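Here is a short tour of one protein model, written for someone who likes to have the structure open alongside. Please keep the viewer at hand as you read.

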Amino acid sequence: MTAAASNSTDLPASLVEMTAEHVRAEVLSGALGPGERVGEEALCARLGISRAPVREALRRLAEQGLVEHLPRRGYRVVVWSAHDIVQLFEVRRALEQHALTVALPSTDLRLGRVRAALGELTAADRRKDWVARDDAHRRFHAEIVALAGNRQLDLVYEQILVKLQLAMARNLREETEVGARREGVRRHQELLAALETNDPLRAETALRRHGEQTYLKLGIC
């Protein structure tokens, strides 16, 4: 084991997790915008901790695709171009449509995990816990793809969700800011209702109407 690995495992897990959740909440809430620097010293002072757990937390967030490390310049919130985001949404939709093609119709359609994710999304929306809402939102879509029962598809899809998490969080946040907060919940309720029919055509139609980029204002024709 290297010295770096040893030091990482010796850090108090609670401090690392607390720091990671603090930065993650700031990123997903928009308090830290794309490209904005995440200063180690400022975090240490604000949270009253040493640099070691801060660095480990930022390393983990980089693995999750929320921040990126710039040599000799520290960390910043990850930046995706508008074209990148559009292309990622296209890939995500293609993977979801493929999953529905494989999963439906089914004599044993198990939607319990999809319903549970929607319940978590709805509850988080009601209590205005935006980070929990973002997590439930991604879990909802991941559980839809999981209906296909294809582990490799799940792994590929997870990578797309990681890259899209900022855009997805921003979309839900924009809905809230324009007074359409419940619209996000309604869209997912409609998608679940379509899945419950076990009708591939109806489910795929609902998926196409889902409209994840409605509020992103990407400025692309």
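Helices here are DSSP runs (H or I, at least four residues) and strands are E runs of at least two, numbered from the N terminus. The model is predicted, so to speak of local features pLDDT of at least 70 is needed, side-chain atom pairs count only at pLDDT 80 or more, and totals for chains, interfaces and linings use all residues. Residues are numbered from 1 along each chain as its sequence is written, and side-chain values use heavy atoms, leaving out hydrogens and water.

Helix 3 spans residues 40-47, and its buried residues (under 20% relative accessible area, 1.4 Å probe, protein chains only; exposed is over 50%, partly exposed in between) are Glu40, Leu43 and Cys44. These lie on the same side of helix 3 because they cover an arc of only 100° around the axis, taken from the directions from the helix axis to the C-beta atoms. Glu41 and Ala45 are exposed, on the face turned away from the buried side.

| Covering element | Residues |
|---|---|
| helix 2 | 13-29 |
| strand 1 | 37-38 |
| helix 4 | 51-63 |
| strand 3 | 74-77 |

Elsewhere, the axes of helix 6 (residues 112-126) and helix 7 (residues 130-146) come within 8 Å and cross at roughly 160°. Axes are lines fitted to C-alpha atoms over the stretch in contact, with angles from 0 to 180 degrees between N-to-C directions. Helix 6 is therefore roughly antiparallel to helix 7, a term for angles over 145 degrees.

Conventions: Contact means heavy atoms within 4.5 Å. Angles under 35 degrees count as roughly parallel, over 145 as roughly antiparallel, 65 to 115 as roughly perpendicular and the rest as oblique.
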